[in-house]
Amino acid sequence: MSHLNKIHRVTIIGAGIIGLTTACTLLKEYSTNDNLQLTIISETFTPDTTADISAGLWEIYGIENIDEQTLRRAGYTYDIFLSEYFSTKAARAGIMKISAYILHGYNNQNSDEIDHTTLVKPAQAELVRHFRWLDKHEINIFDHLKPTSGFVMSTITVEVKKYLLELQRFLSQNNRVKIIKKKIHSFNELKNTADVIINCSGIASKYLADDETVRPARGQIIRVHAPWIKSVYVFDTDDGMGYIIPQADSVVLGGTFQLNDWNTNIDENDTQKILRTCIKCLPALEDIHKGKVQVGLRPYRDNGVRLEHEKTNDGIDIVHCYGHSGSGVTLSWGCAKDVVEIVKTLIPANSKQENHGKNNISEHKLLWRLVPNPEHILLTSKI
């Protein structure tokens, strides 16, 4: 078989935010390669993935060492989400541009003047729009918390359940894509059916990739109906850190970050602590009596994200992409881009000439598009 006619078989393990954004990026880069066969295999699909439970906030969270590579991936992802917010995708994919107030400290008297020259900007400050430190008057608005400092920035929240559904619908309508619900116990299971394996299996990589540095970071949250909340709040209290994150159809109250805890059952003590903490920030939440409590296990990794190519002793080409902790949404498109750059060294991609005509098309439109949904109800408004 000639090189031009050779079938290139790629299998992605995992259908969370990392797996599906990688699949979309792969199809974009191999858009003119009809010989690409992409298989997505996962034990769970939306709405049952860990990503579906997440608050969907763009913020680098749960990663200890934030290096230039992490910032580059986060910045690329931020720009994609921001472009999608200003596109036809926003409503159906659950994308919101929103202000986030990040507060530090509690129960301390505010100084007469906050010296911004002594405050250290967070790593992502240069990536976002409209970052600024809160002035004394704004800090005093939160006097019931008595923070010592804080900042506000424009960020993105993604209703991941909606977003994954749209990505999955797009992928399922491509005749080069096959989607299989199945648990993979060993890479050897795919040895004879895949030329390249992309491992986006999240917490399962602890066993699948035999990586002892992968640990669960248990997260419990509460989804409530609180439509008056229009901003993100991340804050400190004497009960620990709390966050309030609006999404398209709910508000997420959180949360926990419990390393080495495999418990996926609801802990009532955690529920009460989350409510108590969030009420300290926004007292009106005390009137909330019902909410959906959810638990997920973030794929924490001691050394941060593993994104690299491995050639096994059995001759299997594997590109690993896991260990995103609480930053899966934040790093998704950036990591997907880097994964596909590695795949392109293993499988020939489109030529520059083939891509030349797409230069005037925005990146987010190249990555994926909305496809017909027979159950979609048009948004209406009453005047």
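Across which strands does helix α1 (residues 17–29) lie? In this predicted model, helix α1 lies across β1, β2, β6, β7 (196–199) and β15 (317–322), and α1 runs at about 175 degrees to β2.

The model is a prediction in which local features need pLDDT of at least 70 and side-chain atom pairs count only at pLDDT 80 or more, whereas totals for chains, interfaces and linings use all residues. Residues are numbered from 1 along each chain as its sequence is written, and side-chain values use heavy atoms, with hydrogens and water left out.

**View 1. The open sheet that contains β1 and β2.** Six strands make up this open sheet, arranged in the order β6-β2-β1-β7-β15-β14 with mixed pairing (strands are DSSP E runs of at least two residues and helices are H or I runs of at least four, each numbered from the N terminus; two strands pair if DSSP finds at least two bridges between them). The edges are formed by β6 (177–181) and β14 (306–311), each of which pairs on one side only. From one strand to the next, the twist averages 15 degrees (axes are lines fitted to C-alpha atoms, for helices over the stretch in contact, and angles between N-to-C directions run from 0 to 180 degrees). Within the sheet, strand β1 (residues 8–13) and strand β2 (residues 36–42) are joined in the parallel sense by six bridges, and I12 is placed opposite I40 in β2. Strand β2 is mostly covered, since six of its seven residues are buried (buried means under 20% relative accessible area, exposed over 50%, and partly exposed in between, with a 1.4 Å probe and protein chains only).

**View 2. The crossing of α1 and α6.** The axes of these two helices, α1 and α6, come within 10 Å and cross at roughly 40 degrees. On the α1 side, I17, L20, T21, A23, C24 and L27 meet Y163, L164, L167, Q168, F170 and L171 of α6 (contact means heavy atoms within 4.5 Å). Helix α6 (residues 160–172) has 13 residues, and from its first C-alpha to its last it reaches 18 Å, close to the 18 Å expected at 1.5 Å a residue (the expected span is 1.5 Å times one less than the number of residues). The buried residues of α6 are V160, Y163, L164, E166, L167, Q168, R169, F170 and L171.

**View 3. T46 and the residues it touches.** T46 is placed in the loop between β2 and α2 (50–53), and T46 counts as buried because its relative accessibility is 13%. Leaving aside residues up to four places away in sequence, T46 touches D52, K161, L164, L165 and Q168; L164 and Q168 also belong to the part of α6 that meets α1. The side chains of T46 and D52 are joined by a polar contact of 2.7 Å (a pair of N or O atoms within 3.5 Å; within protein, one must be able to donate a hydrogen and the other to accept it, and residues adjacent in sequence count only if both atoms are side-chain atoms).

**View 4. Strand β9 and its pairing partners, β3 and β10.** Strand β9 (residues 232–237) is mostly covered, with five of its six residues buried. With strand β3 (residues 95–104), β9 pairs in the parallel sense over three bridges, and here Y101 stands opposite Y233 in β9. With strand β10 (residues 240–246), β9 is joined by five bridges in an antiparallel arrangement, and V234 has Y243 in β10 as its bridge partner. The link from β9 to β10 is a hairpin through two residues.

**View 5. Helix α3, with Q69.** Q69 lies in helix α3 (residues 68–85) and is classed as partly exposed because its relative accessible area is 40%. The C-alpha atoms of Q69 and G334 are separated by 9.4 Å, although these residues are 265 residues apart along the chain. The 18 residues of α3 should span 26 Å at 1.5 Å a residue, and its end C-alpha atoms are 26 Å apart, so the two values agree. The buried residues of α3 include T70, L71, R73, A74, G75 and Y76, and also T77, Y78, I80, F81, L82 and E84.

View 6. Not counting residues up to four places away in sequence, E138 touches R132 and W133.
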